Structures are given as structure tokens and as C-alpha cells.
Amino acid sequence: MEKDKILSLVQLHIFLVTAQERYLKQAAKILGISSSAVSQNLKALEQTLKTQLFERDTRPLVLTASGRRLAGLGSYLMEQNERLFRKMEDQRERVSSLRLGLGESAAGSFGPWLIAALEKEVEDLEVASGLTKPMVKLLNDDRIDVLFSPLAPGELEDFYGWALLEEDYILVARRGTESINTLDDLKRFTASHPLIEYNQESSDRVQVRRIIRSLNLEVSEQVSVSTSYLLVGLVSQLNGWSIITPTNLWSSGFFLADVSLYKLPGMDIKRTYWVRWQKEPSEFVKACVKRCVEQALTGAFSDLVRSRTPELSRFMKIYPIQNLHGKCASGINESY
């Protein structure tokens, strides 16, 4: 752009005020400058635009045809200038970018509320979701900034994170089957019904297999699937059984009404869900994520679970926001 065709916004502002007031002294008073300064800026603006903006020797001031055109176009330009400043101010109040990773159960449970809350606070938000193992690899490869997921069995804990919720591993079977209250009931049922389990990409498969071995359950037939929707759906359709956590169970959606939930007899096995980074984020980013977690998890999602599936909420403990801090500890209770 040629230097002599760069418009001064200061001069344009002085022109617009003068055009509105029609007197130099009144414009000078509003602008907080001298009348001579107003006059000098108007002359400089005319020189830049190479046109006369006011009729000569008329009081009050009268705009020329060029002046009237500039008054209209100039007002629009000043509005755009104000919009630019507002956008820059908004950006300073928002996280510039965040690459968010969601484990499958997070994506299928509180994920929509979390993403909606973050979208309002993050300028450039990218979201990836999937099973825990592939998502952990994305975090380790620095392809996502923050991950919402449980710890996989045997996973290293050299990352920064907060505990979000603690949930039980529970038994699910098709609604209407015989009651399963004791370990003997469980053994009889599992020996004659197919196990529906996650495939080898899921960290929960390892944990569930350990639970099965610990309880000495007989598995006569098994079906491996890749999603919670398929898992719970096949428990219903094949009259099978599985061991699953509440957030995974919630992800099954339609089929949740078709299954019964049972506490594992004589066993208290829990899974902790985390938000975690490879390195500690800035206080600004932490504050942003905490606010969004509070809105999504301890607010909207928690209220919905209690109102729609109270039987599921008793197997889940959502931590209050003030407890979201510290270095990640073990995410699996191995007391059995």
C-alpha cells in the first residue's frame, strides 16, 4: 500500500466529530484538544484524500459532497475499528487453542457438555476421541494437549492431572434375568451365558479379565466388541453379561433401559477418571478447564444422571471442583 494512501483513524475521528457538531470549538471541546489542532487535522485529512470536505467560509460548517460521502464510509470504518478492538479483547480473555482428547466413556457421557463449555472459552478447539490406549498415545506423542480418561493398567503416572470421578466396576445382565446377589449366583449365571467384553484396544478388557480371574468365574463363550453401545446392546440381545463402569454404561444410550445392574459380590473394584497433561499447564488454562469441568461434569451431567438413572448414580462419585488438583495417583483399586 502506498504511504500517501494510508488514512489516519485519528484524523477520521476528528472529522466525524466535527461533521456532527458543525463548529470547531464544540468539536475541540468534545475531543479535548484545541480548535487549531482540529483545523490542522482536518486540513491534513483533506490533503491525504485530495479533496475538500467542508464548504469554505460557512458557519455552521457544511459538508461538501465528498465530505458527506466520507461521513458515511468513515462511520462504518470506525465501527469496524471498534469491533476489531472488542475481538482482540475477547481473545485475551479466552484460551487461544486447545487440543482436547476424550476417552470413549468421556465422549459418550459428559463429553458434549464439556465441549460446549470449552467452545465458549477457547478460540481454536480441536477434539479427538477414542479408546484409552490410542488416546494415551496421542498424549504421549504431543498430538493432544489434555486427555480425559482413566489410567490403563500398568500405565506410567509421570504426568500432571486431577481426579474427576470414581466409579465402580459393576455387573450388567439383561433385565428380567434371575437375581444375582451372591458369588454362587454369579458363578452359575456366567457359566451359562456369554461374556460380552471390549476388544484388545480397550484398557478395560485387561481389568475386567483380572476381575474374572479373581472371582474364579467360568467363561464358556465370549464376544469382543469395540464400543460400549455394542457391548450393552449385545448383553441385551444375546442374554449375556459384562463387567463395566457407569460412564461406559451411560454411553450405551438406548440399551441402558434393557439391563439390570449388580454390585460385584464380595468385591469393591473402582476406576478413577482423570483430566491429565504431560506437563503442568498454565494457571490460565487450568482455570479455564476447571470452570468447564464444573459446568459439564459436576453440574449438567451429574444432575442428569441423578434424575434419569438414579440406580446408576449410586455407583459413581463425582469429586467436587475444589479437589481437582495434584499429581496423578493410581487409577485402579487393586485390593483384591
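Trainee: How many bridges join strand S3 to strand S10?
Mentor: This is a predicted model. In it, strand S3 covers residues 146–150 and strand S10 covers residues 270–277. The two run antiparallel. The number of bridges joining S3 to S10 is four.

Trainee: What is the strand order of the open sheet of six strands?
Mentor: The pairing in this sheet is mixed. Its edge strands are S2 (122–130) and S11 (316–318), each pairing on one side only. From one strand to the next, the twist averages 20 degrees. The order is S2-S1-S3-S10-S4-S11.

Trainee: How many bridges pair strand S5 with S9?
Mentor: Strand S5 spans residues 170–174. It pairs with S9 in the antiparallel sense. Ile-170 stands opposite Lys-263 in S9. The bridges number five.

Trainee: Why is strand S9 largely enclosed by the rest of the structure?
Mentor: Strand S9 runs over residues 259–263. Buried means under 20% relative accessible area. S9 is largely enclosed because the count of buried residues, out of five, is four.

Trainee: Is Val-293 buried or exposed?
Mentor: Val-293 lies in helix H12, residues 283–308. Its relative accessible area is 2%. The cut-off for burial is under 20%, so Val-293 is buried.

Trainee: What is the C-alpha to C-alpha distance between Val-293 and Gly-111?
Mentor: In sequence, the two residues are 182 residues apart. In space, C-alpha to C-alpha, they are 9.8 Å apart.

Trainee: What share of the contacts with a separation of 6 or more comes from residues 24 or more positions apart?
Mentor: The protein has 13 helices and 11 strands. Its contacts with a separation of 6 or more include those between residues 24 or more positions apart. The share of these is 78%.

Trainee: What percentage of the protein's residues is buried?
Mentor: The protein has 336 residues. Its accessible surface comes to about 17,300 Å², and 50% of that belongs to carbon and sulfur atoms. The buried residues make up 47%.

Trainee: How much space lies in the largest cavity?
Mentor: The count is one cavity of 30 Å³ or more. The largest cavity is lined by 14 residues. Glu-104, Leu-131, Thr-132, Asp-204 and Asn-248 lie nearest its centre. The space in it is about 90 Å³.

Trainee: Which elements give two or more residues to the lining of the largest cavity?
Mentor: The lining has 14 residues, among them Glu-104 and Asp-204. The elements are helix H5 (104–108), helix H9 (203–214) and S10.

Trainee: Which residue does a cis peptide bond join to Arg-59?
Mentor: Omega of this bond is about 0 degrees.

Trainee: Is Asp-142 buried or exposed?
Mentor: Asp-142 is found in the loop between helix H7 (132–140) and S3. Its phi is near 60 degrees, a positive value in a residue other than glycine. Its relative accessible area is 52%. The cut-off is over 50%, so Asp-142 is exposed.

Trainee: What is phi of Asn-216?
Mentor: Asn-216 sits in the loop between H9 and strand S7 (222–225). It counts as exposed, at 57% relative accessibility. Its phi is positive, in a residue other than glycine, and is near 55 degrees.

Key: Residues are numbered from 1 along each chain as its sequence is written. This is a predicted model: local features need pLDDT of at least 70, side-chain atom pairs count only at pLDDT 80 or more; totals for chains, interfaces and linings use all residues. Side-chain values use heavy atoms; hydrogens and water are left out. Two strands pair if DSSP finds at least two bridges between them. Axes are lines fitted to C-alpha atoms, for helices over the stretch in contact, and angles run from 0 to 180 degrees between N-to-C directions. Buried means under 20% relative accessible area, exposed over 50%, partly exposed in between (1.4 Å probe, protein chains only). Contact means heavy atoms within 4.5 Å. Accessible areas come from the Shrake-Rupley method with a 1.4 Å probe; for residues, only the protein chains shown count as cover. On a 1 Å grid over the protein atoms alone, a cavity is a set of points where a 1.4 Å probe fits but cannot get out, and a pocket is an open set with protein on both sides within 12 Å along at least five of seven lines; lining residues have an atom within 4 Å of a point. Grid points are joined across faces, edges and corners, and a volume is the space filled by probe spheres set on the points.
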